Amino acid sequence: MSDSTIVEAASTRLQRALAALEEAVERRHELERGRSALSEQVHTLGADRARLADAL
């Protein structure tokens, strides 16, 4: 194998690894956004429950 072939192969592997990392980061961000929305809903339900308890 020539040096240029080795470098090209390494470059290809690096590009694939970076693409996989970007995909993983995006999935993680989506998961965090979902958790944040769920947390807001739980907070809202808690506030509603407290108001209903006070009304009773």
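**Entry 1, ground rules.** I worked from a predicted model, in which local features need pLDDT of at least 70 and side-chain atom pairs count only at pLDDT 80 or more, while totals for chains, interfaces and linings use all residues. Residues are numbered from 1 along each chain as its sequence is written, and side-chain values use heavy atoms, with hydrogens and water left out.

I looked up the nonpolar surface patch and found Leu14, Leu18, Leu21 and Val25, which make about 360 Å². Patch members must have over 30% relative accessible area and no salt bridge; like charges are joined within 9 Å, and nonpolar side chains (Val, Leu, Ile, Met, Phe, Trp, Tyr) within 5 Å. The areas come from the Shrake-Rupley method with a 1.4 Å probe, and for residues only the protein chains shown count as cover.

I then checked Leu14 by itself. Leu14 lies in helix α1, residues 3–55; helices are DSSP runs of H or I with at least four residues, strands are runs of E with at least two, and both are numbered from the N terminus. Leu14 has a relative accessible area of 51% and is exposed. The classes are buried under 20%, exposed over 50% and partly exposed in between, with a 1.4 Å probe and protein chains only.

I took a salt bridge as a side-chain nitrogen of Lys or Arg within 4 Å of a carboxyl oxygen of Asp or Glu. The count by this rule is four.

I noted Glu26 with Arg33, a salt bridge at 3.2 Å from N to O. Glu26 is partly exposed at 37%, and Arg33 is partly exposed at 48%.

I went on to Glu32 and Arg35, whose side chains meet in a salt bridge at 3.4 Å, N to O. The two are three residues apart in helix α1, so about one helical turn separates them. Glu32 has 33% relative accessibility and is partly exposed; Arg35 is partly exposed at 47%.

I also looked up Asp48, which forms a salt bridge with Arg51, with the closest N and O atoms 2.1 Å apart. Asp48 and Arg51 are three residues apart in helix α1, so they too are separated by about one helical turn. Which class does Arg51 fall into, exposed or buried? Arg51 counts as exposed at 52%, whereas Asp48 is partly exposed at 30%.

I finished with shared partners: salt bridges join Arg28, Glu32 and Arg35 into one network.
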